[in-house]
Structures are given as structure tokens and as C-alpha cells.
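Visitor: I have a chain open on my screen and would like to talk it through with you. Could you take my questions as they come?

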Amino acid sequence: MFKSKIFVMFIVTLLVAGLVLSGCGNSSSSSSQTPATQTEKKDEGQKLVIKLGIGSALTSQLGEYAVKFKEILESKSNGQIEVQIFPNGQMGNDKSMMESLQMGTLDMTAPSTAPIANFIKDFLYFDLPMLVDDDAAAKKLLTSDLAKETLKKLDSIGIVGLDYWVNGFRNITNSKRPVKTAADIKGLKIRTMQNPIHIDFFNALGANATPMAFNEVFNALEQKVIDGQENPISLIYTSGFHEVNKYVTLSRHVFTPYVAMISKKTWEKITPEQQKLIQEAATEVANQCFDILNAQESKFLEDMKSKGNVIDELSPEGRTQLQNTAKEIWKKYESEIGKDTMQKVMSIIGKSY
């Protein structure tokens, strides 16, 4: 009997010891979670890296905007946000970079509105020829409620539109002859973007509009596959098109902006404070764009002249001819863009059609 009691007490003791050890085990497990929590907190404070891809060189105006954006954002975030810039189409062309934003494999890009219109037709009005005459009208359009509403449409395709950066006015270059009137354009094989409005406009002027990827243009000009192309002065210069096209006409026939944009997948992963800093940096660049662009264009034009390029303006007659042709294009795309939108645009810039 006595031995049985001892045995029972021994069993109870073992059970109690087991419970104590089990309790210690739980305590140990709980304390072991502390380093994991600390690691999570440390991760939250790690530097945010934003990958920004652009299609042109760092020396172009878009390259300068990208560098300015990087400087502003890294300064505002006290180094907690780093911007890595990938120029010269390293991340693909404008269309493929937008697709990368949709997939979340690239954080940011800044295409011109022409390729964006392939995703959202609301952006088409930016590509109407001979629409905007000067910087003042361009500023009115870019800061209008209509432009802001258009920017928000990107949300529907998984992209957040931040602000408009200035691409500038597009101008004609060619290797054949000076261009001052519509008659001078007739017969020239001109590279355009793969944009129906641009193609229709140049064909209506009697040119042979030839859509082509941007990275193919220099070789095509050099090998005389095409006679000329049209782009803002910054891209003409930094891409070396002036080296193979002697004649440059400041036709200013289309004004198109860039759109600074960020992947919605990236946007939703970052904090509200980081979102605020990114938005502020994009807008600060937007406010400096015209000054950056105009200074750069003046410098590039002077250098082009010194290297033998012939720089011309359209004659008054030539500008009228292009404007009359442009109005035909406006009418053609009215139904696609929307009559209400067309009227809003014209009201903003003070024109009628």
C-alpha cells in the first residue's frame, strides 16, 4: 500500500514537471518571437527603391526630368527612397514599359501621350496637330481640369498618373530639302510614331508617313530608308538625327506631354507618406519642365547651326496650309475623341473649329 502511494506520487511529480517544462517551452517560444518582430520593424524602415525606366538618353529633356525627380525625391525622403533610372529603352519601349507597370515588374515610366492613347483613347486629343500654338496655351491645357480628369483614367488599367512633364513641340527634319510649305513636305518619306492621328496628318500633307519604332530611326535615316522624321528638338539632338538630316524645320506641328506614372501594384504597397513624397516630387518637376526644356532647346539649336544644320521656320503660307489640313484631321477624329471633349479643349486654348 505504502509502495503504491509512493508510485502515485512519483507519477504526479513527473506530470507536474512536464507541465512546468511545457510552460517554460511556451515562454521560450514567446520570447523567440521577439527577434522576428524586431526584424519586421527593421524591414519596414528599409530604403524603398523605385525603378524608373525611360526611352531616351539621360541627356535628353526627359532624362533631365528623371534626374531632377530622383534628386527631389531622395532629398525629400532623407535618403529613405532611392530612384534607379534606366535610360535609353533599357526596360523596353513606351508600350512595353507601361505593360511592365501593369504587371508590377517596373515601378515607374514617363511615356508621351501618343502611345498612352493605345491603352486609353481619352489621351488622343493631345496628339491633334496644330492645336497648341505656344507655351502659354500648352500650360493652360496641361493644368486644366480636363487634363487632370484624363490623368485619372490611367487608374482603370492598373497605373497611377502622377503629373504631366513637357515633351515639347514636334518638328520636322529631313535629308532632302528645306521645308517651309506643305508643298515641300509632299513626297517625303517621314517616320512617325505608331499613332493614327500623326499618320493621317502627314499623309494628308502628301508625305509618305512611315510608322517605325524609335530605336530603329537613326539607322533608317542613315541608310536612306526614310527621308526624315519628326520629334521635339531635344530628341532630335540627343538621338543624333541632326547628324543624318541636314534640314530642320521648327514646324511645331504637335505638342505632346510626357506622363509621369507609377505602377498601381507599387503604389498600393507603399505607405501614404511615401505616396505623398512621390506625388510632390513629380509635381515639382512638372513645375520646372518648361524652363528646363527651353534652356536645353536653345543650346541644342545653337550647336546644330554651328555644325551646318539648316534651321527654318514654316512660312506664314505654310503654317496656314498645315492648319487647314489639321482642321480636317480634327473633324475626322471628333467622334473618336468625343465632341464634348473637343469643345472643352478648344475652350481651354481659345480656339474654335
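Visitor: What share of the residues in the chain is buried?
Guide: In this predicted model, buried residues account for 49% of the 353 residues in the chain. The accessible surface of the chain amounts to about 16,900 Å², and 52% of that surface belongs to carbon and sulfur atoms.

Visitor: And how many helices and strands does the chain have?
Guide: There are 16 helices and nine strands in the chain.

Visitor: On to pockets: how much space is in the largest pocket?
Guide: The largest pocket holds about 790 Å³ of space. Its lining is made up of 33 residues, and those nearest the centre are Asn93, Asp94, Arg191, Phe214 and Asn215.

Visitor: Which elements give two or more residues to that lining?
Guide: For the largest pocket they are helix H3 (94-103), helix H4 (113-116), strand S4 (159-174), helix H9 (217-222) and helix H10 (233-238).

Visitor: How does the lining of the largest pocket divide by class?
Guide: Sorted by class, the lining of the largest pocket consists of 16 polar, 13 nonpolar and four charged residues.

Visitor: What about the second largest pocket, what volume does it have?
Guide: The second largest pocket has a volume of about 270 Å³, and 15 residues line it, with Leu142, Thr143, Asp163, Ala286 and Asn287 lying nearest its centre. Two or more lining residues come from each of helix H5 (135-142), helix H6 (145-152), S4 and helix H13 (272-306).

Visitor: Which element gives the most to the lining of the second largest pocket?
Guide: That is H13, which gives seven residues to the lining of the second largest pocket. By class, the lining of this second largest pocket has seven nonpolar, four polar and four charged residues.

Visitor: Changing topic, how many aromatic pairs does the structure hold?
Guide: The structure holds nine aromatic pairs. One of them joins Phe69 and Trp165 in a tilted arrangement, with 6.0 Å from centre to centre and 55 degrees between the planes.

Visitor: Which parts of the chain does the pair of Phe69 and Trp165 tie together?
Guide: Phe69 belongs to helix H2 (residues 61-76) and Trp165 to strand S4, so the pair links parts of the chain that are 96 residues apart in sequence.

Visitor: Is Phe69 buried or exposed? And is Trp165 buried or exposed?
Guide: Phe69 is buried, because its relative accessible area is 0%, and Trp165 also counts as buried, with a relative accessibility of 1%.

Visitor: Which residues form an aromatic cluster?
Guide: One aromatic cluster is formed by Phe123, Tyr125, Phe126 and Tyr164.

Visitor: Last topic, the backbone: what is the phi of Asn88?
Guide: Asn88 has a positive phi of about 55 degrees, although Asn88 is not a glycine. Asn88 sits in the loop between strand S2 (81-86) and H3, and with a relative accessible area of 52% it counts as exposed, because the cut-off for that class is over 50%.

Visitor: And what is the phi of Met130?
Guide: Phi of Met130 is near 55 degrees, which is again a positive value in a residue other than glycine. Met130 is found in the loop between H4 and H5.

Visitor: Is Met130 buried or exposed?
Guide: Met130 is buried, with a relative accessible area of 4%, whereas Asn88 is exposed.

Terms used: Residues numbered from 1 in each chain as written. Predicted model: local features only at pLDDT ≥ 70, side-chain atom pairs only at ≥ 80, totals over all residues. Heavy atoms only, no water. 1 Å grid on protein atoms, 1.4 Å probe; cavity = no way out; pocket = protein on both sides within 12 Å on 5 of 7 lines; lining within 4 Å. Points joined across faces, edges and corners; volume = space filled by probe spheres on them. Helix = DSSP H or I, 4+ residues; strand = E, 2+ residues; numbered from the N terminus. Nonpolar A, V, L, I, M, F, W, Y, C, P; charged D, E, K, R; others polar. Buried < 20%, exposed > 50% of the residue type's maximum accessible area, 1.4 Å probe, protein only. Areas by Shrake-Rupley, 256 points an atom, 1.4 Å probe, with all protein chains shown as cover. Phe/Tyr/Trp six-rings, centres within 6.5 Å; stacked < 30°, edge-to-face > 60°.
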